[in-house]
Amino acid sequence: MKKLLRKIFLADLLEGLWVTFRNQDPKYIVTEQYPFARPKVGERYRGAPRLNTNPENGETLCISCDLCALACPENLIVVGWERNAQTKRKELVNFTYDTSRCMFCGLCEDACPVDCLELTQDFELANYSRDGAIWDRQMLEEGPKPARYKF
Amino acid sequence: MSLDSAMPEEQKPEGVQGSGPARSESPQPAADAAPAAAAPKPEAPKPAAPPKPAPKPPAPPPPPPDWEGDLPTALKAEFGDKVSEFIAYQGQPSFVVAQDAAHQVVTSLRDIHGFDYLVDVTAVHWPKRDEAFDVIYVLYSFVRNERIRMKVRIKDGQKPASVVDRYVTANWLEREAYDMFGVEFAGHPDLRRILMPDEWTGYPLRKDYGILEMDNRWVQENLGIESGQ
Amino acid sequence: MAETYLDSTELVLNMGPQHPSTHGVLRVIVKLDGEKVLGTDCVIGYLHRGVEKIAENRTYTQFAPYVDRMDYVASVSNGLGYCLAVEKLLGVEATPRAQVVRVILTELNRIASHLLWLGTHALDIGAITPLFYCMREREYVLNILEKYCGARLTTHAFRIGGLQYETYEGFEQECLAFCDMFLPKADEYEELLTGNRIWVERMRGVGILSAADCKAYGVTGPMIRAAGEKWDLRKAQPYSGYQNYDFDIPTGEFGDNFDRYLVRMEEMRQSVRIVRQAVAALPAGPIMAKVPKVIKPPVGEVYVSIEAPKGELGYYIVSDGSTQPYRVRVRPPSFVNLQALDKMAKGCLVADLVAIIGTTDIVLGEVDR
């Protein structure tokens with residue numbers, strides 16, 4: 001009998017609708033207004049790569065040890081260096097990072113012994129061309145400059 | 001590495017260019033470079049690993065222990081010298097079966113010893129060996145809660161008997177082994193390629209198949225491009 | 001095999017690969033008699049990337065990120081299986097703290113995987129609301145993962161021998177807060193679905209697979225438990241310290257779609273239980289065991305399997321003593337479970353086929369690898 005009444009009055013559907021109405025409460029709104037408000041990503045987020053420089057004199061921290069290039073599963077890092085004739089130390093000349101093939105696994109930043117190469121919280125990596133996805137040393141040190149739109 | 005020669009190679013945006021042969025040498029320099037690179041800045045945080053590679057012990061590893069128990073005894077009694085090499089490497093029992101007895105052993109394992117679940121069928125290619133393929137069956141018994149591995153060594157072109165009539169699940173697993181290695185299973189009801197396109201030539205997981213290699217004719221006909229690389 | 005009724009003739013219909021309810025690029029060739037399914041044939045491989053071939057050309061450490069890309073909604077489980085397999089080859093064991101953190105993250109990821117399944121499956125059946133709610137709750141899990149390891153989907157959270165990252169400040173509190181928040185939400189989903197007549201009629205008695213069939217087809221995970229077989233690798237062959245936690249294995253009775261749904265719902269609650277116990281038992285200590293920097297396992301081969309959200313996920317690794325694996329074979333649960341589709345779908349209606357594919361819970365990235 002109870003079952004029949006439930007059936008006639010569509011109790012199961014109304015129960016479900018009640019859940020839906022309960023969730024109309026504004027405190028349940030979780031949508032992020034992305035282009036207007038940039039979401040805050042985690043501190044350890046693995047996004048755009050960056051080559052850190054010494055904040056005092058702007059010199060690169062990279063010691064050209066090539067460990068990141070060896071650690072990379074996709075082989076997408078090329079470290080260009082030449083040996084300084086006077087100090088006998090390696091000096092970084094160029095650094096190429098192909099973000100089009102990168103899967104942001106973070107093995108390169110784990111391998112870096114001097115905290116130079118780092119994956120940052122920048123996540124806007126879109127490009128108009130494939131060549132633009134290959135970043136050189138200047139780009140890596142300055143960071144990407146995604147377009148900012150005014151609404 | 002001089003940068004001028006390496007640069008243009010890297011700038012090709014697509015594919016996994018240059019990841020083939022060069023990669024095999026890469027780990028050795030890493031071992032040498034690690035302590036040297038860490039030297040200038042010893043306070044660098046390193047939670048990952050011990051600071052230097054462990055010293056290599058020169059002694060050869062001991063042979064894996066024999067697999068002992070009632071199952072090896074029973075199988076030896078039933079099949080004699082068709083079954084051999086009962087070992088338990090890292091506590092995982094495995095044994096080798098002669099190719100002509102494989103089907104009977106599987107039947108016996110399923111019907112008498114209670115291995116009612118075929119976990120996996122796969123193959124391993126050993127091109128330098130005379131018997132170039134290991135066909136591997138992983139079996140599990142719900143009753144005994146035991147997992148065993150059965151190996152069948154076959155020559156290239158030999159056809160091991162299909163076990164689809166014993167375990168239905170072998171159907172796709174054997175198709176995949178055929179697709180990837182070219183091991184044909186005699187008596188399989190529907191031996192077609194499963195992951196690769198039907199008209200593809202070559203067997204990708206064989207060791208002589210390069211990582212950048214592909215069926216160019218198929219690619220040109222079906223995708224309308226010169227090459228996928 | 002086709003039996004024709006009256007004047008009807010067989011119709012061959014292509015479902016997919018671009019079909020919204022096949023959850024990826026699955027193509028099913030369906031043989032129909034009217035609306036009745038006479039047989040199915042799955043065409044897979046559209047997402048084949050050759051993961052096993054890639055493994056042979058990478059070092060052990062380098063291959064770890066690739067396994068995340070197989071079952072991408074449960075990448076933490078994939079990583080756990082791979083790390084356990086290589087650790088077994090090396091003969092090392094992760095430190096106690098690392099093991100507990102691994103359990104927490106894996107169980108959270110299991111909840112996320114089941115939530116995604118529930119949302120998309122309800123969408124297939126015609127209930128659109130659960131999708132939004134499930135995605136909302138899943139976001140909490142993904143945020144924890146993002147804060148812990150820096151990525152949301154393809155996490156690469158574990159390393160061979162332990163963990164790369166120490167837990168962040170507030171990790172335990174966030175996990176517990178999620179557990180407290182999640183249980184009422186799970187009841188809410190059940191309120192929406194379990195009693196709903198449309199849902200029950202679409203699910204009950206459809207796509208039945210008995211326990212014997214499950215074993216014959218090698219079907220594992222929630223599907224075999226829905227058929228009444230109380231079998232979970234976390235209990236049967238515990239790994240990573242699962243023997244220390246107290247949890248139940250939910251089972252079904254009939255092995256139909258509805259039981260699979262109930263089993264997965266209950267599994268999420270059990271995962272919450274495990275997470276709570278694990279957070280309470282989180283020991284202090286190092287997070288990385290002693291493993292050499294260059295991983296060179298001795299010659300040998302192992303097969304290690306874990307209970308992934310979809311079923312038994314196995315890694316068979318052959319080492320030839322070099323820095324690169326000689327062969328890595330992945331035993332994907334989705335691939336094997338999908339094979340039983342033909343058995344389940346025979347005799348049902350086309351619309352039920354969608355429901356059956358849904359409750360099989362396949363991820364095409366794992367089917368095709």
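**Notebook: strands, helices and chain contacts**

I am working from a predicted model.

**The hairpin in chain C**

I then checked the two strands around that pair. Strand β2 of chain C covers residues 27–33, and strand β3 of chain C covers residues 36–43. They pair in the antiparallel sense, over seven bridges. I counted two residues between the strands of this hairpin.

**Two helices in chain C**

Next I looked at α6(C) against helix α11 of chain C, residues 257–280. Their axes come within 10 Å and cross at roughly 160°. How do the two helices run, parallel or antiparallel? Angles over 145 degrees count as roughly antiparallel, so α6(C) and α11(C) are roughly antiparallel to each other. I noted the crossing of α6(C) and α11(C) as left-handed.

I listed the residues that meet. From α6(C) they are C:Glu172, C:Cys175, C:Leu176, C:Cys179, C:Phe182, C:Leu183, C:Ala186 and C:Glu190. From α11(C) they are C:Met265, C:Met268, C:Arg269, C:Val272, C:Val275, C:Arg276 and C:Val279. By class, I get 11 nonpolar and four charged residues in this contact of α6(C) with α11(C), and no polar ones.

**Chain C against chain A**

I moved on to the contact between chains C and A. Chain C puts in 22 residues and chain A puts in 18 residues. On the chain C side, α2 (60–67), α5 (129–149) and α6 (171–193) each supply at least two residues. Which of these elements gives the most? I found that α5(C) does, with six residues. I sorted the chain C side by class: five nonpolar, nine polar and eight charged residues.

**Chain B on its own**

I counted seven helices and five strands in chain B. Along the sequence, chain B reads α-α-α-α-β-β-α-β-β-β-α-α. Chain B has 229 residues, and 30% of them count as buried. I also checked sequence separation in chain B. Of the contacts with a separation of 6 or more, 43% join residues 24 or more positions apart.

**Chain B against chain C**

Last, I looked at where chain B touches chain C. Here 39 residues of chain B are in contact with 43 residues of chain C. On the chain B side, α3 (27–38), β3 (117–125) and α6 (170–181) each supply at least two residues. I noted β3(B) as giving the most to this side, with six residues. By class, the chain B side divides into 27 nonpolar, eight polar and four charged residues.

Note on methods. Residues are numbered from 1 along each chain as its sequence is written. Chains are lettered from A and ligands numbered from 1 in the order in which they are written. This is a predicted model: local features need pLDDT of at least 70, side-chain atom pairs count only at pLDDT 80 or more; totals for chains, interfaces and linings use all residues. Two strands pair if DSSP finds at least two bridges between them. Helices (H or I, at least four residues) and strands (E, at least two) are DSSP runs, numbered from the N terminus. Two residues are in contact if their C-beta atoms, placed from the backbone, lie within 7 Å. Ala, Val, Leu, Ile, Met, Phe, Trp, Tyr, Cys and Pro count as nonpolar, Asp, Glu, Lys and Arg as charged, and the others, Gly among them, as polar. A residue is buried if 20 or more other C-beta atoms lie within 10 Å of its own, exposed if 12 or fewer, and partly exposed in between; C-beta atoms are placed from the backbone. Axes are lines fitted to C-alpha atoms, for helices over the stretch in contact, and angles run from 0 to 180 degrees between N-to-C directions. Angles under 35 degrees count as roughly parallel, over 145 as roughly antiparallel, 65 to 115 as roughly perpendicular and the rest as oblique. A crossing is left-handed if the near helix is turned anticlockwise from the far one by less than a right angle, and right-handed if clockwise.
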